[in-house]
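I open this notebook to record what I looked up in one structure, entry by entry. The entries go from the whole chain to single residues.

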Amino acid sequence: QEAPLLKEGVSHTCSAFISDLIILAIYTTEFLMGLYLDPVNYWKDGYKRFDAAVLFLAYLPYTIDQSNPKRHHVFTMLKGFQALRVLKLLYYSPGITNLMAAMGQTVKNVIYVLVLLFLLIFIFAILGHGLYGDYQHGDPQNWGSLAAAFFTLFSLVTVDGWTDLQEELDDKKFVTSRTFTIVFILLGFFVFFNMFIGVVIMDIQQYEQKLKEERQVTLIAKKQTILKRQQEEIYELFNLQYKTFDEMVESFKKSLLHSDPMILEDFCASLPFIDLYLASLDRQDATVYKLQDLYYEMVAILTTLLYHSQEKFLYNLQCFKGKSK
């Protein structure tokens, strides 16, 4: 039973080793091609430098002797760093790339917020150590030293298990402990923690707005370049072949056929106008049908009236002839 399991494990290891070699060969080929195409600008791109660092880490496990037991821990650690190869996929997603660039722009403001939060924790750590750090009557486990007070206040900032910490202070009969905890949570969590999130969101929005403006400026510049090139081509064509603009127009008219499609930008050629026009025609047809029905009814009434008047006339005529006899 052990032989098939050992054989299966060896085959699995071999397949994994071959897969790693294939992926490493693809990454190496990509790195060499990018470096060959543009060796100077390649190192200016942060994502390309990151790819080069990941490729360097991927080669390190193959430089270590795996048969040496002392090197096994280092080999395992370097193999774990190869998981960074998944981050190469971020370069092929424009949305994630823009988000990472925006996060890089927010580092400065985030550092300011973290410094303020550190000062707040430092002040409250000194207060907490002085108020509740007594080894006989206080809580030395959570407030006995500045390091323990820092860790306790970090738990309060994240609002993780703060009720247990408060219960321990309540058991020691500290009257000011609840006020201390509530004030610190209000300042640390509801103010600075949300300020951290707000700064990140605002910087990301500003970065996206800046990208939109840059794209708009680039698009306008491309349009201006295309228009300028078209004008230059028209001027060259005008100067080379035709003497006047009317002559060029007449020559262009002669080259047109009745079957040539034309793109119109007028209002009458737009789809909303066509839909409105067809709807108006349908309403006109319905109105015409109603008028026809009305005319038919009027003709029928007039025919009936004429028939009755004719019968009455004949009846009166017969009566007149009978009286004359």
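The entries below cover the fold, the annotated spans, the cores, and then selected residues.

**Entry 1. The chain as a whole.**
I note at the outset that this is a predicted model. I looked up the secondary structure and found twelve helices and zero strands in the protein chain. From the N terminus on, the order of elements therefore reads α-α-α-α-α-α-α-α-α-α-α-α. I then checked burial: of the 325 residues in the protein chain, 19% are buried. Among contacts with a separation of 6 or more, 61% join residues 24 or more positions apart.

**Entry 2. Annotated spans.**
I consulted the UniProt record, an unreviewed entry, which assigns "transmembrane region" to residues 16-37, 110-131, 143-162 and 182-202. I examined two of these spans in the model. Residues 110-131 are 100% helix and 0% strand, with their end C-alpha atoms 31 Å apart. Residues 143-162 are 70% helix and 0% strand, and here the end C-alpha atoms lie 14 Å apart.

**Entry 3. The nonpolar cores.**
Which residues have the most contacts inside the largest nonpolar core? I found Trp143, Leu153 and Phe184, in a core of 16 residues. Two or more residues of this core come from each of helix H6 (107-132), helix H8 (146-157), helix H9 (162-171) and helix H10 (177-241). H6 gives the largest share, six residues. A second, separate core has seven residues, including Leu24, Tyr27, Ala52 and Leu55.

I followed Trp143 further. Leaving aside neighbours within four places in sequence, Trp143 is in contact with Phe124, Gly128, His129, Tyr132, Gly133, Ala148, Ala149, Thr152, Leu153, Leu169 and Phe180.

**Entry 4. Helices H6 and H8.**
I compared each helix with its expected span. H6 has 26 residues and reaches 36 Å from its first C-alpha to its last, close to the 38 Å expected at 1.5 Å a residue. The buried residues of H6 are Val110, Val113, Leu117, Leu120, Ile121, Phe124, Ala125, Gly128 and Tyr132.

H8 has twelve residues, and its first and last C-alpha atoms are 16 Å apart, close to the 16 Å expected. In H8 I list Ala148, Ala149, Thr152, Leu153, Ser155, Leu156 and Val157 as buried. After H8 comes Val159, whose phi is positive, near 55°.

Thr152 is found in helix H8. Thr152 counts as buried because its relative accessible area is 3%, and the cut-off for buried is under 20%. Beyond its neighbours within four places in sequence, Thr152 is in contact with Asn142, Trp143 and Leu165. Thr152 and Trp162 are ten residues apart in sequence, and their C-alpha atoms are 8.7 Å apart in space.

Leaving aside neighbours within four places in sequence, Gln166 is in contact with Ser177, Arg178 and Thr181.

Thr181 lies in helix H10. At 4% relative accessibility, I record Thr181 as buried. With neighbours within four places in sequence set aside, the contacts of Thr181 are Leu156, Trp162 and Gln166.

**Entry 5. The salt bridge.**
How many salt bridges does a search of the whole structure find? I found one. Arg178 forms a salt bridge with Asp170, the closest N and O atoms being 3.3 Å apart. The pair qualifies because the cut-off is 4 Å. I then looked up the accessibility of both partners. Arg178 counts as exposed because its relative accessibility is 51%, and the cut-off for exposed is over 50%. Asp170 is partly exposed, with a relative accessible area of 24%.

The phi of Lys173 is near 65°, a positive value in a residue other than glycine. Lys173 is exposed, with a relative accessible area of 69%.

Key
Residues numbered from 1 in each chain as written. Predicted model: local features only at pLDDT ≥ 70, side-chain atom pairs only at ≥ 80, totals over all residues. Heavy atoms only, no water. UniProt positions renumbered as here; feature names shortened; annotations may be inferred. Helix = DSSP H or I, 4+ residues; strand = E, 2+ residues; numbered from the N terminus. Core = buried A, V, L, I, M, F, W, Y, C linked by side-chain atoms within 4.5 Å. Buried < 20%, exposed > 50% of the residue type's maximum accessible area, 1.4 Å probe, protein only. Contact = heavy atoms within 4.5 Å. Salt bridge = Lys/Arg side-chain N within 4 Å of Asp/Glu carboxyl O. Expected span 1.5 Å × (residues − 1).
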